[in-house]
Structure formats: C-alpha cells, structure tokens
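The sequence and structure are shown first, and the description follows.

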Amino acid sequence: MKYKYITGKVLEIDPKSGWKDGMLLEEIYPDSSFVSGNNPESMKLTPYIENSKVVANYVFEPRFQGGPGLVHGGILSAVLDDLMGYACVIHDRSCVTAKLEVNYIVPVPVDDEYLLQAWVKEIDDKKLYLESSIIKDDVVHIESKGLFIDLGNYPGQLYERNKNYP
C-alpha cells in the first residue's frame with residue numbers, strides 16, 4: 001500500500017504474547033466505549049487482529065454524517081484513535097493518546113464499506129508511535145499517526161488528575 005503521510009511500517013507482535021491473527025478485540029474495551037462498546041449509542045465496531053494490525057471492516061451509518069452524505073471528520077478521528085488504542089493493547093501496553101494527527105485525503109461517504117486499520121510503528125520506552133488508515137478499493141481516504149504513552153499495566157490506578165503525561 002502506498003501512503004502519503006505515514007510510513008506503513010508495522011511492528012510485529014511478539015509471538016510469545018498470545019495475541020494471534022483472527023482474534024476479536026471488542027471485549028477489551030468497556031461497554032461504555034462510543035466506538036466499540038456494546039451499548040445502544042455505540043458504533044458497534046468489531047476489530048480483529050491481522051498481520052500485526054488491528055483491522056475492522058465497517059459501514060458508516062448516515063447518523064455519523066457531517067456534511068451531506070459524508071462521514072464527520074470527528075467520527076473518523078475517533079475511530080482511528082480507538083483502533084490505535086487496540087493496537088497498543090496487542091503489544092501488551094496500556095496507553096493513552098498524547099498526540100493524534102489526521103490527514104483527510106479523500107472524503108468518506110456514508111453507507112459504503114471501508115477497511116479500517118491501525119498498527120504500532122515503533123516503541124521507544126513508554127512512547128508508542130502508531131499509524132492508521134481508512135481505505136476503500138485500494139484508495140486511501142484517511143491516514144493518521146499518533147503518539148501514545150504507556151501508563152503501565154493498570155492505567156486506572158496510575159492516572160492522577162491534573163498531572164501532565166508523560
């Protein structure tokens with residue numbers, strides 16, 4: 001795949017980690033998650049692992065449109081952020097987003113199916129560098145990259161209000 005703003009370099013999952021191709025990941029995040037949670041307002045995204053990437057096939061419903069017939073940019077960035085969070089998890093890291101950069105290359109119409117992908121590009125101590133994309137028929141519509149910070153195995157216990165991370 002040829003990308004415009006990202007490298008496409010994928011860090012392989014450690015074979016000893018237990019994460020395998022085909023594994024469904026929707027159970028990792030709580031039901032409250034807007035993107036992948038199991039609640040009435042959720043997007044009901046069903047991500048799985050394929051070739052060290054987190055992948056989902058998804059049709060954006062009309063309720064997610066911004067401009068007429070097009071998916072809202074905030075929805076697109078939320079989906080990619082969520083998938084990149086899953087990509088951290090399959091590398092056995094519990095992370096939060098520190099920086100997210102989204103490049104809107106081609107508009108994304110509602111009611112079409114897209115391939116959504118996210119992967120870890122590089123890990124440098126507590127910093128994880130991720131990339132993601134939204135593709136249809138080999139056309140890259142959206143590219144994104146993010147910096148995620150590893151908070152340790154129990155981020156809920158480590159998080160402190162009013163503290164800047166990293």
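## Helix α1

Helix α1 is mostly covered, with 13 of its 17 residues buried; buried means under 20% relative accessible area, exposed over 50%, and partly exposed in between (1.4 Å probe, protein chains only). Helices (H or I, at least four residues) and strands (E, at least two) are DSSP runs, numbered from the N terminus. Helix α1 covers residues 73-89, and its end C-alpha atoms are 25 Å apart, which agrees with the 24 Å that its 17 residues should span at 1.5 Å a residue. That expected span is 1.5 Å times one less than the number of residues.

## Basis of the description

The model is predicted, so local features need pLDDT of at least 70 and side-chain atom pairs count only at pLDDT 80 or more, while totals for chains, interfaces and linings use all residues. Residues are numbered from 1 along each chain as its sequence is written, and side-chain values use heavy atoms, with hydrogens and water left out.

## Nonpolar cores

A nonpolar core is a set of buried Ala, Val, Leu, Ile, Met, Phe, Trp, Tyr and Cys residues joined through side-chain atoms within 4.5 Å. In the largest one, of 36 residues, Phe60 and Leu116 touch the most other members. Two or more residues of this core come from each of β2 (53-59), α1, β4 (113-124), β5 (127-136) and β6. Helix α1 gives the largest share, 10 residues.

Leaving aside residues up to four places away in sequence, the contacts of Phe60 include Ile75, Leu76, Val79 and Leu116; contact means heavy atoms within 4.5 Å. Another core, of five residues, lies apart from the largest one, and among its members are Tyr3, Ile6, Trp119 and Val140.

## A buried glutamate

Glu143 belongs to strand β6 (residues 139-150). Glu143 is buried yet has no salt bridge, and the nearest side chain of opposite charge, that of Lys4, is 8.1 Å away.

A polar atom of the Glu143 side chain lies 2.5 Å from the backbone nitrogen of Tyr5.

## Salt bridges

Side chains of opposite charge can pair when their charged atoms come close. A salt bridge is a side-chain nitrogen of Lys or Arg within 4 Å of a carboxyl oxygen of Asp or Glu, and the structure holds three. One joins Arg93 to Asp150, with the closest N and O atoms 3.0 Å apart. This pair links distant parts of the chain, 57 residues apart: Arg93 is in the loop between α1 and β3 (95-104), and Asp150 is in strand β6. Asp150 counts as buried at 12% relative accessibility, whereas Arg93 is partly exposed at 21%.

Glu61 and Arg63 form another salt bridge (2.8 Å, N to O). Lys136 and Asp137 also pair, at 3.2 Å, N to O; Asp137 is exposed, with a relative accessible area of 65%.

## Positive phi angles

Lys44, in the segment before β1 (48-50), has a positive phi near 65° although it is a residue other than glycine. Asp138, in the loop between β5 and β6, is not a glycine either and has a positive phi of about 65°. Lys44 is partly exposed at 41%, and Asp138 counts as exposed at 66%.

Key. Lys, Arg positive; Asp, Glu negative; His and termini not counted. Polar contact = N/O pair within 3.5 Å; in protein donor to acceptor, adjacent residues only side chain to side chain.
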